[in-house]
Amino acid sequence: MRFFYLMMFLPVVAAAQSYPPGIFEDTAHAPFVYGVASGDPTAQSVIIWTKVRPSEDTILVWQVSTDSLFTKIVQEGSIIATSISDYCVQHDVQGLQTNTTYYYRFATEKKKFSVVGIAKTLPIGDVKHIKLAAVSCSSIWAGHFNAYRRIAERGDVDFVIHLGDYVYDYPDRKQLNRMPSEYPKDCASLTDWRERHTYYLLDADLRKLRQQKTWITIWDNHDTDVEEPGKTEEAIQAFYEYLPIRMPDIAHPENIYRKFSIGNLADLIMIDMLLFRGKEEYAPGKKSVLGLKQDEWLKTELQNSTATWRLIGNQEMMTDWLSSPTIKKLTGQGDGRVMDPGNWSGYPEDRQRLYDLIEMKKINNVVVLTGDVHMSFVMDMTGTPRNRERYNRKTGEGAIGVELTTPSISRVNMRDAGIPGGFIPAVQDISNRLNPHHVWTHFTEHGYLTLDVTPERCIAEFWYVPINKVTSEQKFKRGYVVKSGVNHWERDYNTKPLPVNSKN
Ligand SMILES: [Fe+2]
């Protein structure tokens, strides 16, 4: 979230290099010291990833098995790790069974093995249930990645959706819960971006979640550094090297938007506003959020989708977040009218075109999953939140869909930003009154959310996890439900969590 930048500057202090707690190589599996990962599942395929400690070109064997002891290997092959991709390798394993859990590993010619990863394919046909965990904004300097470890331990989470700011291009100089003693520099080259991704993989909790779950990821501004022209291309290259993503458009790597079909239950549509917002006009003087090509693609996907649910993975808040001069005074954020003119609220007319399409075409069951804001929001989507004739704030009637934002894994929220604790409830209270479609908000915790999807309903749960120490603590905060065909959150959902299966 850009607003907090102003509040984050402190003088740089240098000291001797050392790693903070939890930051180390997985030396037991050398040269695969950065672990393994899987991503971008389809019904028949999944991408597997690893990186070897930089050396000479290395021939690796990959194996995929239906059992963790590799007595039932279903596929294997070889691949070379080279300096061209910074000794990262990815293989798109094809011809797999749908809705199946696989085990995978890599080995050198000298029979040194990586840790065993778990990868999952998507179901097809009549799908009764899926559970996603949504995360975003993971600054390795701001705090410990305990939340990643908690998700890795959950057997009930099928896939992880990372909504961006997976890495941070620069350190948080005010949020120093976990800094190496020497400040890392702001990323300014391909080498810097590769070093940044590599440093992140020294975090054992991040490695664990990459190992245990199959990820679907998009970038946000800190992964791509769009504020600094000329750096984006190199950042994008490193992102694709280090994350297991099936590049949707090889000729145009900047086009990361893509769709995942989860049988007849849900379409998961991952969009990217970051690289496109405000660059093209859909009419003279009217700026587009997504760019014309992606805009058309999204609208086609929404109209053609025959699944029960349309889940949209979205970087920055879509729903209106109106601010006020008082909030600006208390927090230093926003322009006194909206909290972030850089998100969809800065493009209200283009957003309304999307809302109009959803309403006119009677597209039901749109659930937007959003990152960036670092705090928890449960919101009804409506273009007229303050018009009592068109939207009922007490019941939610009149809304055309729903949105959720996930709290950050570690990056600064309103409390970390140094806003006096006494102000935060006041800010939250004013914000909630200005925004009657914000069904529930919470501005001070870190963690993740889960989305449990069945044909009848989606249940969202907020899980909060400390960041200032290594801990196994987590607390369930709230749950909300949206029922199929209803298009707004239920106000009085019983807030007990769904059973947590910890089979991992
Ligand atoms: Fe962020």
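N99 is found in the loop between β5 (88-93) and β6 (101-108) of this predicted model. Although N99 is not a glycine, its phi is positive, at about 50°. With a relative accessible area of 48%, N99 is partly exposed. A positive phi also occurs at H374, again not a glycine, at about 75°, and H374 is one of the protein donors of the iron ion.

**Iron site**

- The iron ion has as its protein donors C137 through SG, D165 through OD, Y168 through OH and H374 through NE2, at 2.2 to 2.5 Å.
- Along the sequence, the donor residues follow the spacing C-x27-D-x2-Y-x205-H.
- Y168 belongs to the loop between β9 (159-162) and α2 (190-200), and H374 to the loop between β16 (366-370) and β17 (376-381); the pair therefore ties together parts that are 206 residues apart in sequence.
- The angles among the 4 donor atoms run from 82 to 173°, and the site is irregular.
- Tetrahedral geometry would require all angles to lie between 85 and 135 degrees, whereas the angles at this iron ion reach from 82 to 173°.
- Both Y168 and H374 are buried.
- The relative accessible area of H374 is 0%, which means that this residue counts as buried.

**Aromatic pairs and cluster**

- Across the whole structure, a search finds 21 aromatic pairs.
- One of the pairs is formed by W219 and Y240, whose ring centres are 5.7 Å apart and whose planes stand at 80°, so this pair is edge-to-face.
- W219 and Y240 are both buried.
- The rings of W321 and F443 have centres 6.0 Å apart and planes at 50°, and the pair is therefore tilted.
- Distant parts of the chain are linked here as well: W321 sits in the loop between β15 (309-314) and α7 (325-331), and F443 in the loop between β19 (438-442) and β20 (447-453), 122 residues apart.
- W321 counts as buried because its relative accessibility is 2%, and F443 is buried with a relative accessible area of 0%.
- One aromatic cluster is made up of W141, F145, Y148, Y166, Y200 and W215.

**Charges over rings**

- F145, a member of that cluster, has the charged end of R178 over its ring, 5.6 Å from the ring centre.
- The charged end of R105 sits over the ring of F70, at 3.9 Å from the centre of the ring.

**Helix α2**

- Helix α2 is mostly covered, with 9 of its 11 residues buried.
- Those buried residues are L190, D192, W193, R194, R196, H197, T198, Y199 and Y200.
- Y200 is also part of the aromatic cluster that includes W141 and W215.
- The elements that cover the buried residues of α2 include β2 (46-51), α3 (204-212), α4 and α5.

- D249 is located in the loop between α5 and β11 (258-262).
- The relative accessibility of D249 is 19%; the limit for buried is under 20%, so D249 counts as buried.
- Leaving aside residues up to four places away in sequence, D249 touches N255 and K293.
- D249 and D295 are 46 residues apart along the chain, and their C-alpha atoms are separated by 16 Å.

**Cis peptide bond**

- The peptide bond that joins A30 and P31 is cis, with omega at about 10°.
- P31 is placed in the segment before β1 (36-39).

**Confidence of the model**

- The protein chain has a mean pLDDT of 92, and 95% of its residues reach 70 or more.
- Over residues 2-16, pLDDT stays under 50; the model has 43 contacts beyond four places in sequence for this stretch.

How values were computed. Residues numbered from 1 in each chain as written. Predicted model: local features only at pLDDT ≥ 70, side-chain atom pairs only at ≥ 80, totals over all residues. Heavy atoms only, no water. Donors = N, O, S within 2.8 Å, 3.2 Å for Na, K, Ca; no water. Tetrahedral: all angles 85-135°; square planar, octahedral: opposite > 155°, others 65-115°. Helix = DSSP H or I, 4+ residues; strand = E, 2+ residues; numbered from the N terminus. Buried < 20%, exposed > 50% of the residue type's maximum accessible area, 1.4 Å probe, protein only. Phe/Tyr/Trp six-rings, centres within 6.5 Å; stacked < 30°, edge-to-face > 60°. Lys NZ or Arg CZ within 6 Å of the ring centre and 35° of its normal. pLDDT = per-residue confidence, 0-100. Contact = heavy atoms within 4.5 Å.
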